[in-house]
Amino acid sequence: RPDGARVAREPSMTRASDAPDASAPRRSRADDAVAGVVAGAACVAAGHPFDTVKVFVQKNRGHTTGSAIAALYRARGARGLYAGVAAPLVGASLETGANYACFHEAREAALAGASGAGAGARLAASAFAGALAGGLMTPFLTPFELVKCRAQVGDGGGSARAVALDVWRTRGALGLFRGVSHTAAREIPSGAVYFATYEIFQTIFPRARGASDVGGDVTRAAFETRDARGLLVEALAAASCGGAAGVVTWLIVLPLDNAKTIYQCERPGGARDLPPLALLRALVAERGVSGLWRGAAPVVARAFPANAAQWLAWEFASRALRADRLERS
């Protein structure tokens with residue numbers, strides 16, 4: 001909710017300020033993490049059906065987006081679009097919470113002592129912090145990605161629990177970490193692009209008030225206004241900038257996601273049981289360069305609503321948590 005009268009102006013919970021007001025309370029890591037969990041759940045709820053179609057197209061040759069939807073519906077009905085949702089609903093939500101908390105800590109550290117840092121420095125800090133957060137989250141995310149992808153292509157009857165138990169029985173605990181290098185190859189660049197792109201879009205988003213109102217730094221603008229019109233503008237900014245950042249990021253890293261999906265769905269010793277770069281070369285030889293973007297249609301269809309929901313949920317949750325914490329202090 002918007003700030004109450006007793007809440008002092010402080011940097012947005014979305015993006016750390018470069019020179020926070022000394023009188024403003026320090027941001028709460030717990031608030032960042034909880035708001036991130038809410039944001040991750042919103043992203044999964046909005047985007048999982050699209051993700052299921054994407055994984056099916058990536059794994060199964062010869063399918064278009066339309067034929068993949070039809071095949072999934074024939075096999076499992078409408079519920080098939082949410083196959084494997086349990087894994088990302090838990091894993092992605094917790095990972096998003098930790099990811100946002102790590103991002104903000106790393107960004108604040110990168111900008112420590114850089115009072116009045118320019119737009120270039122802020123953008124570099126966001127890219128660095130996003131890449132670092134992506135790398136740190138990779139070991140946590142990998143088992144959930146493995147289970148999700150295999151359930152989405154029909155393993156275990158589409159049950160995440162059945163897939164996880166099968167991997168545990170046949171490969172042991174380490175089997176759940178199959179594809180950790182492929183996941184890192186996707187997560188590190190995607191984190192850098194995602195957070196930096198979101199900041200760029202927030203910077204250029206048209207607002208009624210001037211940049212001087214927030215000290216020339218848009219990272220201090222989000223949801224600080226309390227009037228209905230200003231709140232609507234910031235909600236539109238969060239949704240549109242988040243959605244656009246998601247589309248840009250996925251179009252850039254889709255080849256790496258393709259390689260990760262194929263590797264995690266391949267059995268050990270299979271033809272595609274290859275390291276990331278070798279697998280990308282094999283995919284180019286098999287499909288051509290354009291084949292690296294297989295599944296782009298459902299990815300783009302998913303990226304905007306899922307990431308719009310994620311950032312909108314993040315903004316509102318973080319502001320509500322911060323206002324509640326300050327009012328109780």
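## Rings, cysteines and a buried asparagine

Arg-178 lies over the face of Tyr-263, 4.0 Å from the ring centre. A charge sits over a ring if NZ of Lys or CZ of Arg is within 6 Å of the ring centre and within 35 degrees of the ring normal.

This is a predicted model, in which local features need pLDDT of at least 70 and side-chain atom pairs count only at pLDDT 80 or more, while totals for chains, interfaces and linings use all residues. Residues are numbered from 1 along each chain as its sequence is written, and side-chain values use heavy atoms, with hydrogens and water left out.

**Aromatic pairs**

A pair of aromatic rings is described by the distance of the centres and the angle of the planes. Rings of Phe, Tyr and Trp (its six-membered ring) pair if their centres lie within 6.5 Å; planes under 30 degrees apart count as stacked, over 60 as edge-to-face and the rest as tilted. The whole structure has nine aromatic pairs. Two of them are set out here.

| Pair | Centre to centre | Angle of planes | Type |
|---|---|---|---|
| Tyr-100 and Trp-311 | 5.2 Å | 55 degrees | tilted |
| Tyr-194 and Phe-195 | 5.6 Å | 65 degrees | edge-to-face |

The pair of Tyr-100 and Trp-311 links distant parts of the chain. Tyr-100 is in helix α3 (residues 86–110), Trp-311 is in helix α9 (residues 296–328), and 211 residues separate them. Helices here are DSSP runs (H or I, at least four residues), numbered from the N terminus.

Tyr-100 is buried at 1%, and Trp-311 is buried at 0%. Tyr-194 is buried at 11%, and Phe-195 at 4%.

One aromatic cluster takes in Tyr-100, Phe-103, Tyr-194, Phe-195, Tyr-198, Trp-311 and Trp-314.

**Cysteines**

How many disulfides does the structure hold? The number is zero. A disulfide is a pair of cysteine sulfur atoms within 2.5 Å. Take Cys-149: the closest cysteine sulfur, in Cys-265, is 5.2 Å from its own sulfur, too far for a bond. Cys-149 is buried, at 0% relative accessibility. Cys-43 is buried too, at 7%.

**Asn-258**

Asn-258 lies in helix α7 (residues 228–265). Its relative accessibility is 0%, so Asn-258 counts as buried. Which residues does Asn-258 contact, leaving aside neighbours within four places in sequence? They are Gln-58, Arg-287, Gly-291, Leu-292, Trp-293 and Arg-294. Contact means heavy atoms within 4.5 Å.

Definitions and conventions: Helix = DSSP H or I, 4+ residues; strand = E, 2+ residues; numbered from the N terminus. Buried < 20%, exposed > 50% of the residue type's maximum accessible area, 1.4 Å probe, protein only.
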